[in-house]
Amino acid sequence: MPPFPAATTASATSHLALLVLLSSSSLFFLYKSIRLRRKPSPATGPARTTTPTLLYASATGTSKALAARLSSRLTADAGVPIRATDAASFDPDDLPSVPLLLLVLPTHDGGAPPPSAAFLARWLEESAADFRAGALLLSGLRFAVFGVGSRAYGETFNAAAWSFSQWLRALGAVEVVPLVEGDVDGGDLEAVFEDWSGKVLRVVKGEELNNEGALGESDGLDLLELEEESDDDDEEEAEAGEIDMEDLAGKAPARRQNGKVEGSLANGGQNGVKEMVTPIIRTSLEKQGYKILGSHSGVKICRWTKSQLRGRGGCYKHSFYGIESHRCMEATPSLACANKCVFCWRHHTNPVGKSWKWKMDDPLDIVNGAIDQHTKMVKQMKGVPGVKPERLEEGLSPRHCALSLVGEPIMYPEINALVDELHRRHISTFLVTNAQFPEKIKTLKPITQLYVSVDAATKESLKAVDRPLFSDFWERFLDSLKSLHEKDQRTVYRLTLVKGWNAEEIDAYAKLLSLGQPDFIEIKGVTYCGSSATSKLTMENVPWHSDVKEFSEVLASKSGGVYEVACEHAHSCCVLLAKVDKFKINGKWHTWIDYDRFHELVTSGKPFKSQDYMAVTPSWAVYGAEEGGFDPDQSRFKKERRHGTAALG
């Protein structure tokens with residue numbers, strides 16, 4: 001570079017600005033621009049590939065499964081051997097040599113692309129913003145994008161897919177199939193993806209599409225005539241017949257204008273009120289044994305109900321609180337939830353939402369329908385080996401309702417009326433909320449026992465474990481705990497320990513106790529429900545009962561004597577902490593419930609507190625008892641799983 005001329009200070013400043021412009025970052029993009037503009041010669045450059053490139057970036061496994069399906073379809077129907085590839089292993093510098101790029105992309109936190117596509121996204125974004133790259137950089141590229149997202153996330157719905165489309169078009173690439181948005185919670189992702197795949201297939205066969213996605217005249221791209229390439233690696237296919245969370249989706253609109261989605265609503269008219277349970281969701285839940293009530297409620301018979309009908313023991317709520325498991329009905333008035341927890345044992349086969357936006361059924365119809373379906377399922381136990389006739393007769397008159405089946409029951413706008421209907425029938429109520437609706441907690445009428453799920457103790461881990469829809473999820477979580485403190489009836493923190501996720505946060509959990517000051521703290525090890533594309537949990541994440549006991553003892557000690565370990569149910573890997581000043585009287589625990597007294601208090605209409613309906617805990621349920629929380633009046637049943645035989649122990 002020649003020396004600066006003897007000129008004005010302004011001239012020197014101009015040269016200095018030029019040096020800043022040619023910084024290491026700028027030089028890198030200048031090099032990239034020159035490299036990508038250079039046409040490869042037969043002697044020195046790579047030959048232009050003749051096979052389309054199919055990329056996916058998967059957070060839960062769904063995008064990967066969809067890409068694999070498209071790969072198989074193109075190979076079988078078009079004779080084009082194409083392998084779905086993770087975007088993380090793709091070199092963006094190869095884009096100019098790609099004739100057709102197919103992308104299946106989900107959206108990560110805050111509208112960002114998933115981590116495996118982060119480098120490709122940054123490359124495209126920076127290139128599109130670099131004036132030296134220009135609009136001809138990828139002028140030889142044709143592409144199509146399918147977005148996998150959830151409309152419940154609002155403005156960030158499929159934001160990553162739209163960003164990729166915008167960047168590619170800014171660099172001169174031609175979008176040959178209009179972008180399609182898959183809504184994982186709408187109801188028909190399968191149909192939407194198949195439609196998009198069919199259009200891609202026609203492009204690959206040489207049939208061109210116009211901007212509206214209709215068939216038009218081809219301009220000469222016929223990949224059937226391109227050189228075939230082979231790949232020895234086997235395609236990793238999705239498990240046949242498994243319905244993934246992201247397969248329960250709605251048809252997406254054709255385009256997005258000014259950041260807003262335009263088009264018809266899935267599962268309903270353009271301006272109509274849709275039903276919460278779509279046909280696909282209904283089919284999936286019914287396969288799991290759920291009975292769907294109306295358009296948004298459900299009921300299912302619990303395995304512990306079946307167990308106590310046969311005199312083989314009750315659940316932890318029997319040990320901790322004295323419910324009769326064979327007379328307990330598990331139900332919910334809202335199958336929708338505002339979280340997508342990693343340990344969801346329904347594998348997210350239920351809808352999600354941040355507010356009630358569906359058709360609403362009458363609470364009386366829901367209660368009548370739930371009792372009717374529950375008693376039908378109990379009747380089906382007649383004749384099952386071991387079922388005791390007297391228990392079966394009692395089971396036909398449910399006395400307890402666990403409003404914790406799936407979803408978020410407190411979302412239902414008429415939850416108070418529904419609770420009234422249950423109490424009018426002398427059915428006690430245990431309701432679980434996921435700590436995202438503090439105002440609903442405040443307005444909730446007295447119930448027998450109110451739970452708040454405390455799935456993590458820090459903002460970062462709560463986001464990772466619960467995967468909430470709300471952007472202000474942490475504030476809602478803390479406010480929910482504070483709202484719990486205002487309730488006079490029995491309150492519970494429910495902790496689900498997941499090794500490697502939240503089980504190491506005991507100090508942070510201890511700090512949360514003062515916010516809600518619950519009567520009880522249930523600490524349970526996560527239940528492993530098999531592998532799923534929506535959850536990466538394995539058996540290594542499941543704590544032993546000894547781990548749960550150790551955690552409980554340490555947490556109790558950190559409470560400074562406010563809580564002590566009161567009960568355990570070893571079979572469920574569950575331990576109960578209780579407030580000493582309320583429930584330990586003359587050295588004896590009173591964690592059980594006097595249900596008749598509770599209903600008397602509710603009927604009176606007068607204010608009452610949790611101590612007004614407590615009862616003595618039996619010795620076999622107390623922490624450290626030889627029975628480990630198993631009712632000695634029941635018969636312990638153990639199954640020899642290796643040989644499939646059973647024996648009484």
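Modeller: Buried residues make up 51% of the 649 residues in the chain. Buried means under 20% relative accessible area, exposed over 50%, and partly exposed in between, with a 1.4 Å probe and protein chains only. The model is predicted, so local features need pLDDT of at least 70 and side-chain atom pairs count only at pLDDT 80 or more, while totals for chains, interfaces and linings use all residues. Residues are numbered from 1 along each chain as its sequence is written, and side-chain values use heavy atoms, with hydrogens and water left out.

The chain has 19 helices and 23 strands. These are DSSP runs, numbered from the N terminus: helices are H or I with at least four residues, strands E with at least two. Of the chain contacts with a separation of 6 or more, 75% come from residues 24 or more positions apart. Contact means heavy atoms within 4.5 Å.

Now the helix. Helix α16 covers residues 506–516 and packs on helix α15, residues 473–485. Their axes are 7 Å apart, at an angle of about 50°. Axes are lines fitted to C-alpha atoms, for helices over the stretch in contact; angles run from 0 to 180 degrees between N-to-C directions. That angle makes α15 oblique to α16. Under 35 degrees counts as roughly parallel, over 145 as roughly antiparallel, 65 to 115 as roughly perpendicular, and the rest as oblique.

From α15, the contact uses Phe 477, Leu 478, Leu 481, Lys 482, Leu 484 and His 485. From α16, Leu 512, Leu 515 and Gly 516 take part. By class, the contact has 6 nonpolar, 2 polar and 1 charged residues. Here Ala, Val, Leu, Ile, Met, Phe, Trp, Tyr, Cys and Pro count as nonpolar, Asp, Glu, Lys and Arg as charged, and the others, Gly among them, as polar.

The buried residues of α16 are Ile 506, Ala 508, Tyr 509, Ala 510, Leu 512, Leu 513 and Gly 516. Their cover includes α15, β14 (490–497), β15, α17 (545–558) and β16 (563–569). Just after α16, Gln 517 takes a positive phi of about 45°.

Next, the rings. The whole structure holds 19 aromatic pairs. Rings of Phe, Tyr and Trp (its six-membered ring) pair if their centres lie within 6.5 Å; planes under 30 degrees apart count as stacked, over 60 as edge-to-face, and the rest as tilted. Tyr 321 and Phe 520 pair edge-to-face, 5.9 Å centre to centre and 65° between the planes. Tyr 321 lies in α9 (residues 316–321) and Phe 520 in β15 (residues 520–525), so the pair ties together parts 199 residues apart in sequence. Both Tyr 321 and Phe 520 are buried.

Phe 430 and Tyr 451 have ring centres 6.2 Å apart and planes at 40°, so that pair is tilted. Phe 430 sits in β12 (residues 428–433) and Tyr 451 in β13 (residues 449–453), 21 residues apart. Phe 430 is buried at 4% relative accessible area, and Tyr 451 is buried at 2%. Tyr 316, Phe 320, Tyr 321, Phe 430, Tyr 451, Phe 520 and Phe 583 form one aromatic cluster.

Last, the cysteines. With a disulfide taken as a pair of cysteine sulfur atoms within 2.5 Å, the count is 0. For Cys 315, the nearest cysteine sulfur, that of Cys 302, is 6.3 Å away. Cys 315 is buried at 6% relative accessibility. For Cys 574, the nearest is that of Cys 573, 8.1 Å away. Cys 574 is buried at 0%.
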